[in-house]
Structure formats: structure tokens, C-alpha cells
Amino acid sequence: MAIRKIGLGGVQVSVTAGPHEAGLHFSVGGRWWQRLMARMAGGDAALRGGAPAPPPAPDAGAPDGLRQRVNGVNWYHTLDLGNGVRTPGAFDHAPILDLYRIPERLDGLRVLDIATYDGFWAFEFERRGAREVLAMDLEGPTHLDWPPRRAGVVPEGQPERFGLGFEIAREALRSSVRRVVCNVYDLRPETFGHFDVVHAGDLLLHLNSPVRALQNMARVCTGYALISEPYFPDLDCMGTRPLVEYRGGGDVPTWWRIGLNALKEMVRDAGFSRIEVLNTFQYGYRATPGRMSHAVIQAFR
């Protein structure tokens with residue numbers, strides 16, 4: 001069989017001839033061809049002499065895009081969003097979660113989380129199997145329970161509206177929790193219906209009418225409420241007398257220092273049939289844990 005090879009610009013042609021067959025065979029290769037393929041890989045713009053096509057924008061749900069969104073928010077809660085992304089919240093409840101004595105499972109229950117902010121508790125209730133979770137909060141800091149002299153004030157470092165962190169977390173966690181805007185003073189069965197479980201955390205000291213808020217919680221609750229709240233042991237210095245200290249709505253705002261005796265009486269007088277103190281413990285800001293006394297009360301409707 002006769003074979004003749006001819007090469008030109010990286011293209012090689014082989015001619016074969018024999019008594020029973022003949023044919024042409026083509027092959028490509030060499031540096032010229034490699035350079036051409038590299039230019040084609042750069043996109044049509046490269047072949048036209050322009051700049052290569054830019055890479056696609058990162059997915060906002062991917063770790064890098066998610067971190068960028070997280071870094072743009074002032075976080076209250078520390079949340080694990082997966083893929084190694086954690087929010088830099090002022091409070092980290094995960095290490096002390098067991099101290100709250102929340103039921104391990106909430107399957108089939110409808111739950112309301114009041115003053116949800118970034119949604120730590122709402123997402124936790126969903127994780128524990130709740131059938132539906134509503135996360136209730138205010139529109140923004142101007143709607144906090146300020147005294148008239150500070151009405152409309154936005155504290156330094158606060159966003160103009162609440163819920164930015166919640167939406168980022170909800171999307172990252174692929175959660176079905178629904179956020180609703182409502183003041184606890186306006187909460188009633190006609191608004192969102194009834195709930196098997198109602199939760200409120202670190203709320204009462206920021207309200208000028210905490211008993212009224214507790215009464216509204218009782219009205220929409222068919223099972224039990226979980227009330228977790230700071231208390232001040234120095235106010236329980238006179239036996240069982242329920243004492244509070246008036247603070248006048250300053251700071252964030254803070255209206256009261258509440259003793260544990262007073263806290264229990266407030267919850268009981270709101271219309272619950274029975275209360276149980278599930279636990280008391282020390283907690284605080286992530287940077288200074290263990291500086292505040294905390295009580296968790298379960299109140300049965």
C-alpha cells in the first residue's frame with residue numbers, strides 16, 4: 001500500500017492507495033490549531049478582535065454572593081445560612097438554645113413569632129416541624145414604641161426599615177416562613193387568626209404597655225405562649241412582691257426593668273390560665289455573654 005502525507009498549517013492529509021482500496025485521511029493539530037481553538041474559546045468577540053466575553057455574574061445564592069449580601073446588613077441574630085456563611089449578629093442563641101426548653105417537635109402546629117427581626121426563632125420553629133409559621137414585626141425603627149418626645153427617631157446604625165436580614169435568610173434557607181407587618185397592640189384574631197403557639201422574645205421591656213401586649217397574645221393563642229424576657233434579680237429583694245422600675249422609654253427604647261415576680265404576674269394577669277417558668281439563665285450580647293438574667297415562661301391558654 002502506498003502512503004503519501006501532505007501537511008499545511010496544522011492540517012495533515014494522508015493519501016493511501018492499494019490494490020483493493022484508496023482513500024484520504026485528515027487530521028488537525030499543532031500550535032496554529034491550538035491558538036485558533038483558544039481564540040474560539042474566548043468567544044465571538046475574541047474572533048472579531050474585541051475583548052473576551054465577561055464571565056457570568058455570580059449567583060446571589062452562592063456563597064460569595066450570599067456573603068456580599070450578608071455584609072450589607074446590620075444583624076441582630078446570628079444565623080447559619082449554610083455553605084459556611086454565618087451572619088454576624090449581636091446575639092448568638094445557638095449555643096444556648098437548649099436552655100430555652102422549647103419542645104423538640106412542633107409538628108402540625110401553627111406558630112406566631114412576635115418581633116421576629118432577622119427571624120432566628122421563626123426559622124427554628126419551622127425546622128422543628130411547625131405546619132405554618134408567621135413572623136411578625138414592625139415596618140421600621142420609627143414604628144417602635146417611642147415616647148412622644150422621640151417619635152420618628154431612627155437610632156444611629158438602624159436601617160430605615162426592618163426585614164432586610166430576614167429576607168436574605170429566608171431565601172438562603174429556602175424557608176416557607178411568611179413575614180407580616182403588624183404592631184403587637186393591633187394583634188387580634190381577626191388579623192391573622194389563631195395560633196397553637198405564640199412566641200415573644202426580649203420584647204416586653206421595650207413596650208410602654210407590656211400587659212396590653214400580653215393580653216393580645218393570649219387572645220390569639222389556643223395552646224400556649226412562650227415568653228422569654230430579661231429580668232432583674234435586684235427587684236426581687238422583697239419576698240414575692242412584684243416590682244418594676246420605670247425607665248421612661250429611653251435608649252432603644254427601654255421602658256422598664258422588670259423583676260421575675262412581676263414578670264410572672266404580668267403573664268398570668270394577661271388571661272392565661274396557668275404559667276410555668278421553664279428556665280432561668282444568664283445570657284447577653286455575643287461579645288459579652290452572661291451579663292443579663294433571662295427567664296423563659298410557658299403560659300397555657
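Let me begin with what covers helix 4: the elements over its buried residues include strand 6 (110-114), strand 7 (132-137), helix 5 (164-173) and strand 9 (195-201). Here, buried means under 20% relative accessible area, with exposed over 50% and partly exposed in between, for a 1.4 Å probe and protein chains only. Contact means heavy atoms within 4.5 Å. Helices (H or I, at least four residues) and strands (E, at least two) are DSSP runs, numbered from the N terminus.

The model is predicted: local features need pLDDT of at least 70, side-chain atom pairs count only at pLDDT 80 or more, and totals for chains, interfaces and linings use all residues. Residues are numbered from 1 along each chain as its sequence is written, and side-chain values use heavy atoms, with hydrogens and water left out.

Why is helix 4 described as largely enclosed by the rest of the structure? Of its 8 residues, 120-127, 6 are buried, so the rest of the structure largely encloses this helix. The buried residues are Phe120, Trp121, Ala122, Phe123, Glu124 and Phe125. After helix 4 comes glycine 129, with a positive phi near 100 degrees.

An open sheet is formed by 7 strands in the order 8-7-6-9-10-14-13, with mixed pairing. Its edge strands are strand 8 (178-181) and strand 13, each of which pairs on one side only. On average, neighbouring strands of this sheet are turned by 20 degrees against each other, direction ignored. Two strands count as paired if DSSP finds at least two bridges between them. Axes are lines fitted to C-alpha atoms, for helices over the stretch in contact, and angles run from 0 to 180 degrees between N-to-C directions.

Within the sheet, strand 6 and strand 7 pair in the parallel sense over 5 bridges, and arginine 110 stands opposite glutamate 132 in strand 7. Helix 7 (residues 210-220) packs on the sheet and touches strand 6, strand 9 and strand 10 (221-231). The direction of helix 7 makes about 150 degrees with that of strand 10.

In which sense do strand 13 and strand 14 pair? Strand 13 (residues 274-285) and strand 14 (residues 288-300) are antiparallel, over 10 bridges. They form a hairpin with 2 residues between them, and arginine 274 stands opposite phenylalanine 300 in strand 14.

Finally, the whole chain: it has 8 helices and 14 strands, and buried residues make up 43% of its 301 residues.
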